[in-house]
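Q: Could we go through this model together? I would like to begin with the core and then move to other topics.

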Amino acid sequence: MKTIKREYLLTALILLAVLVGAFVLDASLPSYHIAIKVVKKACVYSLVAVSMNLLNGFTGLFSLGQAGFMLLGAYSYAILCIPVAKRAGVYQYFDGGIVQFSLPEFFSGFLGGTVGPVVGMLCALLFGGLLTALCAYLIGLPVLRLKSDYLAIATLGFAEILRAFFQWNALGPLTNGSNLLKNYPDIGGAAAYILLVGVFIAVILLLVNSTYGRAFMAIRDDEVAAEAMGINLAHHKRMAFIISSFFAGVGGGMLAMYMGTVQALSFKSAMTYEILLVVVMGGIGSITGSIITSFLYIAGLEWLLRGLDSGTFLGISSPIFKNGFRMAIVSVIIMVVVLFFRKGIMGDRELPDLFRPRKKAAKKGGEAK
Amino acid sequence: MSENVLKLENITMQFGGVVAVDNLSMEINKGEIVALIGPNGAGKTTAFNTITGVYEPTNGQVSFLGSPIVRNHPQGKMKKAYKGAEAEKFARQPVLNPTPDKITALGMARTFQNIRLWKTQTVFDNVLIAKHMLRTSNVFSATFRFNRAEEAKQRAEVAALLEIVGLTDVKDELATSLPYGKQRRLEIARALATQPKLLMLDEPAAGMNPQETDELTAFIARVRKDFDMTILLIEHHMDLVMDISDRIYVIDFGKLIASGTPEVIQNDQRVIDAYLGVEEDA
Amino acid sequence: MQGLLPYLINGVSVGGQYALIAIGYTLVYGILRLINFAHGDVFMVAGLIMVYSSATLPMYLAIPLVLLLTVALGFVIERAAYKPLRSAPRMSLMISAIGVSYLIQNLAFYFTGGLPQPVTNAIPWISENVTVFGESTKRVTLVTPVLTAVLVAALVYFINHTKIGMGMRAVSKDFETALLMGIKINSVISMTFVVGSFLAAVGAMLYFTNYPSVAITSGGMPGLKAFVAAVFGGIGSIPGAVVGAFLIGISEELIKGIGYSTFSDAFTFALLIVVLCVRPTGLFGEKVTDKV
């Protein structure tokens, strides 16, 4: 039994090291430092990518509604967290809006100025998740009966409808129409993001390794066999869709938190594609893969490859390094992975699998408990 | 008279103008191994699929352990196009059309003609997933591990089942990495994990060599004994069918042409004409 | 009602442009069962090529150049991004299409510097104003439906009366059998992309004369809508795609006409979802039964 545990021990050590590293970053760098921003954004992407992986990778439902679900979560968070005093400024075209309370302030009222806002922000995130889950339930009623590509296009359609709805002027008092929502608080630094996202992803991990997670994978591998073995397809697909959307909503809320402003315009289908490609590069069906790729992708894009856009990269100056070259390179890399390394960087393996002796790792665990 | 497990009454399946199964009636009693045979394209698998809920029959009724589970009569466009018999017999009774998972939940589990194991899962997990149906936990209690006792019990049952079918040594292998014969056996084990009262095997010996077929024959006989199982079998291999079946139903062009014990069937001229005369399954 | 007339006229025109894109989707889907997410971006690139080529070349050279380069692009995409995945699951193919779309947009961003490229009198004749039923409109509004009809008629002839057209029909009915019958699958598939890209290029030249500029994201929306049109009409069916495109173009413009511009896009998708749920095979699609 001792030898089996070794890979879990190593995994735990790595996670601990990451967390400690984040605390050190927070303590030693100013909050606007690029390293902290990269960690925060990568955390958000990890959560969103993992939630998409739960549906597309583990359950085999090809849904492209991610941006729409994130939009719901982002707006929920922003609307519930803008301080009352600042609402008149934000909703300047809509008489200060109709929502006249702020969850962080509300909780500060009886939990104090340090714990209260955090509780309020968490509540806003969870509310966003629940609202998204409810919306997913309603959307799922008609669309989950559709097969692969039709499901993809229908969910994409719903995301676009949601986006149009949030830009509608008649809803302005609630959503501020097509204007920005801003001035709401952020929950903290890199460590706070890692902790928060860590908890959410841990829940997804527990789900995936439970009897329900196994049923999802059975549906992915062979729907007909799954149904013949007594797994209710409609019920389980709906469940996966709702749970995935819940976390997409929470992720959307965290994205709003990180960005500091929210506008429906930015939640286009391109955002869904981007996240899908992150999932694919990490390995469809690998949570670790989604997380690692999110960090590599964000770090590369926001930080390491910046030079490709601004003239000098790795000490080399060239006129071809101009605005847009970075994205072009990244998308070429993505295409190479999609075409030639179809399993992504992790395949369907997880972090502990990497520490197993080679032969066992190749067989994908066996859930030795 | 022993207890009736499965009963088909006037089952007809018509696709457009083609009648694939025509007024088929049959019965299976507790503890029996019954085979459904017929030449290629006779409608065996179609009949099988109407029982397991994959297809909705055009007409007829299927009863399981005495209560009707599937029932239909020609409706809509089919009312005019219907070519089968007994169109009125079930017209006044409500239509029953459960999905396959509901039928499995009643206690009827199947295997597939072309093996359908979950290919990214291990042997152990393939059987464990079939236990999902019997869970009492909901998604929250399962995620947050309040179902430890149930999970442990199911894992123990799966381990015991794998021991019985002789797959313990490969339990951590990927299901698809097993040799063909063992995949067949795993599919049967997976079906048994749902704790069925009736096991339905769709051409279990398809693609097997004589030695593998012999092993499978012995295995099916043992399953009946160890699990006190009732078995419905579709098969092409005559050796296997004649060896282990208590009774045989023969269909050709969707119609029942003969039924009875292996001896009776072997000497039935219609069957010989339709099927055994053809040098197809030596 | 009189107030809606210009919108109706516009709708017919936009519908024709959607139809030209939608055919590309429907042909590819019919053969590869792939939603070619990159098709909208091919359309956008055609617009960009038009902008660049018409700025430097005379019209009689610029137009063939746009057609040629767009067709080449469609051909290359198929060979580079879809052909290697012929035996892969359909999901991989769809992901590849999304990847190509992403790549084209980012490359376009690089080459345009991220700035929308102004459309200046690409083809002056069709941008001139004319008067129809007392309403002033651009000539392109009248040219589009006519050109669309001519091209669709030519396409239908091509598919029904030429050898490669017969190949296309065979492949869309049954991929494997067509292969076994000795049909050169790869050239048939390439031809499909060539035809689709050609029509998209024509569509782009017409479409972008109505807009001040071509941006790298300009292909996304018309692309998606054309796809919806194809689904609406029954994917795989050419008449279906054309009828669907006109219906969507007209209803979208009418919705703008009654003052709900925000929802003109959303309406298209709502229509899509209703169609998928009520009649998943669209208006003219064939019913397919799954085999177990």
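**Core, sheet and interface**

A: In this predicted model, the largest nonpolar core has 280 residues, and L47(A), A78(A), A22(C) and L272(C) touch the most other members.

Q: Which element gives the largest share of this core?

A: Helix 2 of chain A, residues 34-58, gives the largest share, with 15 residues.

Q: And what is L47(A) in contact with, leaving aside its neighbours within four places in sequence?

A: Its contacts are V197(A), F200(A), I201(A), F247(A), V250(A), G251(A) and M254(A).

Q: Turning to chain B, in what order do the four strands of the open sheet run?

A: The order is 2-1-4-5, with antiparallel pairing.

Q: Which strands stand at the edges?

A: Strand 2 (18-29) and strand 5 (67-72) of chain B do. Each has a single partner strand, so one side of each lacks a neighbour in the sheet. From one strand to the next, the twist averages 15°.

Q: How many bridges join strand 4 of chain B to strand 5 of chain B?

A: Five bridges join them, strand 4 covering residues 59-64, and the two run antiparallel. Within this pairing, Q61(B) stands opposite R71(B) of strand 5 of chain B.

Q: What does helix 1 of chain B touch on the sheet?

A: Helix 1 of chain B, residues 44-51, packs on the sheet and touches strand 1 (4-15), strand 2, strand 4 and strand 5 of chain B. Its direction makes about 65° with that of strand 2 of chain B.

Q: Still on strand 2 of chain B, what is the phi of N23(B)?

A: N23(B), which is found in strand 2 of chain B, has a positive phi of about 55° although it is not a glycine. N23(B) counts as partly exposed because it has 17 C-beta neighbours inside 10 Å.

Q: And where is F253(B)?

A: F253(B) lies in the loop between strand 9 (247-252) and strand 10 (255-260) of chain B. This residue is not a glycine either, yet has a positive phi of about 50°. With 15 C-beta neighbours inside 10 Å, F253(B) counts as partly exposed.

Q: A change of topic: how many residues of chain A are in contact with chain C?

A: There are 36 residues of chain A in contact with 37 residues of chain C.

Q: Which elements of chain A give two or more residues to that side?

A: They are helix 6 (115-143), helix 7 (148-167), helix 13 (269-282) and helix 16 (325-340) of chain A. The largest share, 13 residues, comes from helix 7 of chain A.

Q: What is the make-up of that side by class?

A: The side of chain A that touches chain C has 26 nonpolar, seven polar and three charged residues.

Conventions. Residues numbered from 1 in each chain as written. Chains lettered and ligands numbered in written order. Predicted model: local features only at pLDDT ≥ 70, side-chain atom pairs only at ≥ 80, totals over all residues. Core = buried A, V, L, I, M, F, W, Y, C linked by C-beta atoms within 7 Å. Buried ≥ 20, exposed ≤ 12 C-beta atoms within 10 Å, placed from the backbone. Contact = placed C-beta atoms within 7 Å. Pairing = 2+ DSSP bridges. Axes fitted to C-alpha atoms, helices over the stretch in contact; angles between N-to-C directions. Nonpolar A, V, L, I, M, F, W, Y, C, P; charged D, E, K, R; others polar.
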